[in-house]
Amino acid sequence: MSLKKVHENQPKEFKFSDKNLKKVEEILKKYPEKNKKSAVMPLLYLAQRQNNNWIPLAAMKYIANYLAMPYISVYEVATFYTMYNLAPVGKHFIQVCTTTPCLLRGADKIVKLCKENISPNENEISKKGNCSWMEVECLGACVSAPMVQINDDYYEDLDEKSTKEILTSLINDKPLKPGSYRGRKNTSPEKNLINNGEKYA
Amino acid sequence: MPKITINGKEIEFEKGMTVLQACELADVEIPRFCYHEKLSIAGNCRMCLVEMEKSPKPIASCAMPATEGMNIKTNTTLVEKARKGVMEFLLANHPLDCPVCDQGGECDLQDQSLYYGVDKSRFVENKRYVKEKYMGPLIKTQMTRCIHCTRCVRFATEVAGVPEIGAIGRGENMEITTYLEKSMDSELSANVIDLCPVGALTSKPYAFEARPWELKKTESVDVMDAVGSNIRVDTYNWEVKRILPRLNNEINEEWISDKTRYSCDGLLKQRLDVPYIKKNNKLQKSNWDEAINLLVNKIHSVQPNEIAGHIGDMINMENALSFKKFFQLLKSENLEFREKNFYINSDEKMNYIFNSSIAGVEDADLILLVGTNPRHEASILNARIRKTFVQKKVPIFSIGNPGDLTYEYEIIGDSTEDIKKIVNKEHDFSQKLLCAKKPIIIIGESALELKSGGYIFEEIKKFLIKNNLINENWNGLNILVQNASTVGLLDLKILQGKNTKSSSFFDELKKRKFKLLYLLGSDNLEIQKNDEFIVYQGSHGDRGAEIADLILPSATYTEQYGLYENLEGRIQECKKASYPIGEALEDWKIFNRVIKTLGFKEKLPNFDELRKEVLVTVPNFSEINELPKKSPIKINNIETSFYNEKIFVRELDYYYTNSISRSSKTMSECRQIRQKVKKDGTNN
């Protein structure tokens, strides 16, 4: 992971949509008026949602003005947290977990497949289809390692074959269903491992 | 007072102190990087670790409040080991480029690694590299050297009031930068160079110029504005290499403005080194004898009342006194030092000084600015107002719009009418002012320049005295003058006779009554040159020299001894750090030569005599470097006339206010950037 850089091509303007402005009001209600800058993180998240999964500088400025904060403070927050994207990402944004449990279970193979099928480097939008991928730290689904997060969904219990299928489906813009690819329901044990008559662990 | 034990010695400390401060009381040195007295506590460098009894781990002394009965040890093996460990981590990513680093020789990291560090590194991996950041024409960055103490970030946010520096990224990728690498829009920006404990932020104009141990250091005072910041002038042979602040909590604390610090390269450029005489409409090199003879002939050829003198903004008191004596011999009363005709009542000292004193601003519970922009007119004073605002949230009001002052204030009016209402208790603000216990009113030159300048000053003064807001303990009636020489010259009674209150000098100048105009280092006076003979005596080829018929070269403030009185009426000594260039002489020597050639038989005073006389002449003088004595308060009923006028805060071309800063390359770069920012708008 290196320092996140802001993208070269920045939109000139950013404004919350009316729907999001209502959400902003709800968010601001959670904080006392004098501490309204505490809302910077949820607001950045909203902005990211609204703007195709990345935050342009205009949005940071907009939020800074909205919360009466210095620009640099918003910028600090946006660069600090890894889950804020400061450059455009693909429509299908694949986050490959490469922390120890996933890596032990073969996350490196998933990374290799991503390199082959999507783009040779992280954070590059693929030529075919609208995908990009990046390595991330633990996504908290170690029980079904290795796994990837694609946009909001977890694809779990992957192997080379299933990953390839998923990636092809993304490139063809017909994403497969999320969940376990070894037939598990949520995080329950696999069928052949159920003993003592227990249905679920 | 509570007690704390430090290395077995029991000492008393004040409540609210940290362990580090208590250690300092006990004369125990604690190494530190991120802690700085004038900034908030960050506690992120971990260099100040000490051992505390009953604590299993060493504690960061800068962030730990001292409490009764603590037992602190700083000389144990645990502490030594902790310091060594921290040092090793700090040096893990710090480049070993001391030989090419400008901080070398005055680097905290260098010194402390010598005293507290280990002699070798176990770190065999690659060191990280961070790209250089652009921070404007004053600050050179080498961010690989940064140890992330965040002093600069805290300075920008807390003291300068321009939150533009921040730490982006996280962990190993953390970087200090300004927002999108813009230059910092502050008059105090270069102070981050002094604050930086390593060579990450160094001085751009001073880059690779000299090593600290080669420089001769002279403790002096600044003359770029009327604050009289305490400075240290570092010279290498004749050249002034750099100017640094000197700690003085009464005046500038630890900061100086960018103009004070960086106009020093103007001392090397555009200098007048020999006398010049205008022949055939062209200034030509000459020599002292010819020049003085020409001047003497001119003086003989005109009437005394046709001779006028104007004293500039950076003239010290000895030279001014000598000039005054010279004019007394010439029997001319046409002496002036104001650049614009502003109202000054020089009857008593409290009428033209900053009575509450700069440090006294911190006691205020209400501040009213009348036609002044302290940010540009006295940046250091503005930092003090901001400090008071941040610490105590004092309400600040302004009459006239000064623009961005780095703190919040409320504009309560923009005309003299509002002042009339306030003093007649008809304005909403009057009640607030009457309720305040220690109000401060700062009247700027922009207000005093108005036709009703006299009304503004006298009525506010009357109002304050009547309502007991000026009393023995508190005097918040403040005049903010812009030039370093102004208060001193008022004390020397340069304005005398008919000139004291009227504007006769300016009227007569306009009517072209003067045949011989003697400009003593005066560049900011507006003159429509006609057929009068203009003598310019000064150091720089600037506006004054441009219109002169005769130029006499003299020394600048770093090249001679001299007293200056700052806006509080505090007399400070400016010391000689270098010597005058070429054939240039100190001003008083030139007058003595002219007087001698004129054939006067009087004994000519030398410098020591002049200084003695200055100190005797100055009213309410207490001691050098001290505030003046207070005199009893009395109401003089001075009738002034009221005009309904708009109070307009004159915009100061901050980087171009005097001949030295106008000659400085650094200052013009800063000015260009500021003008560009103004044109394009501040938000990119």
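In the predicted model, strand β25(B) and strand β26 (residues 571–574) of chain B pair in the antiparallel sense over four bridges. Within this pairing, G562(B) faces C574(B) of β26(B). Five residues lie between the two strands of the hairpin, where G569(B) adopts a positive phi near 85°. Strand β25 (residues 562–565) of chain B is covered on both faces. G562(B) and Y564(B) are buried on one side, and L563(B) and E565(B) are buried on the other. In a regular strand, side chains alternate between the two faces of the sheet.

Helix α2 (residues 77–92) of chain B was examined for its length and its packing. With 16 residues at 1.5 Å a residue, α2(B) should span 22 Å, and the distance of 22 Å between its end C-alpha atoms agrees with this expectation. The buried residues of α2(B) are V79(B), A82(B), R83(B), V86(B), M87(B) and L90(B). Viewed down the axis of α2(B), these buried residues fall within an arc of 130°, and they therefore line one face of the helix. An α-helix has 3.6 residues a turn, so residues three or four places apart point the same way. T77(B) and K81(B), on the other side of α2(B), are exposed. The packing partners of the buried residues of α2(B) are β3 (49–52), β5 (71–73) and α3 (108–116) of chain B.

Positive phi values in residues other than glycine were also found in chain B. For R46(B), phi is near 65°. R46(B) belongs to the loop between α1 (19–25) and β3 of chain B. Because 20 or more other C-beta atoms within 10 Å define a buried residue, R46(B), with 20 such atoms, is buried. For E253(B), phi is near 50°. E253(B) is placed in the loop between β12 (239–245) and α6 (258–262) of chain B. E253(B) counts as buried because it has 22 C-beta neighbours inside 10 Å.

Chain A contains seven helices and five strands, arranged along the sequence in the pattern α-α-α-α-β-α-α-β-β-β-α-β. The C-alpha trace of chain A spans about 60 × 40 × 30 Å along its principal axes. Of the 201 residues in chain A, 29% are buried. Among contacts in chain A between residues at least 6 apart in sequence, 62% join residues at least 24 apart.

The five strands in the open sheet of chain A have the order β2-β1-β3-β4-β5, with mixed pairing. Its edge strands, β2 (131–136) and β5 (179–180) of chain A, each pair on one side only. Strand β3 (residues 148–150) of chain A pairs with strand β4 (residues 153–156) of chain A in the antiparallel sense over three bridges, and I150(A) stands opposite D153(A) in β4(A). Helix α6 (residues 107–117) of chain A packs on the sheet, where it touches β1 (92–97), β2 and β3 of chain A. The direction of α6(A) makes about 150° with that of β1(A). In the loop between β2 and β3 of chain A lies P146(A), and the peptide bond from A145(A) to P146(A) is cis, with omega near -10°.

The contact between the chains takes 11 residues from chain A and 12 residues from chain B. On the side of chain B that touches chain A, strand β7 (residues 165–168) of chain B gives the most, with four residues. By class, this side of chain B has five nonpolar, four polar and three charged residues.

Definitions and conventions:
Residues are numbered from 1 along each chain as its sequence is written. Chains are lettered from A and ligands numbered from 1 in the order in which they are written. This is a predicted model: local features need pLDDT of at least 70, side-chain atom pairs count only at pLDDT 80 or more; totals for chains, interfaces and linings use all residues. A residue is buried if 20 or more other C-beta atoms lie within 10 Å of its own, exposed if 12 or fewer, and partly exposed in between; C-beta atoms are placed from the backbone. Two residues are in contact if their C-beta atoms, placed from the backbone, lie within 7 Å. Ala, Val, Leu, Ile, Met, Phe, Trp, Tyr, Cys and Pro count as nonpolar, Asp, Glu, Lys and Arg as charged, and the others, Gly among them, as polar. The expected span of a helix is 1.5 Å times one less than its number of residues. The arc is that of the directions from the helix axis to the C-beta atoms. Two strands pair if DSSP finds at least two bridges between them. Axes are lines fitted to C-alpha atoms, for helices over the stretch in contact, and angles run from 0 to 180 degrees between N-to-C directions.
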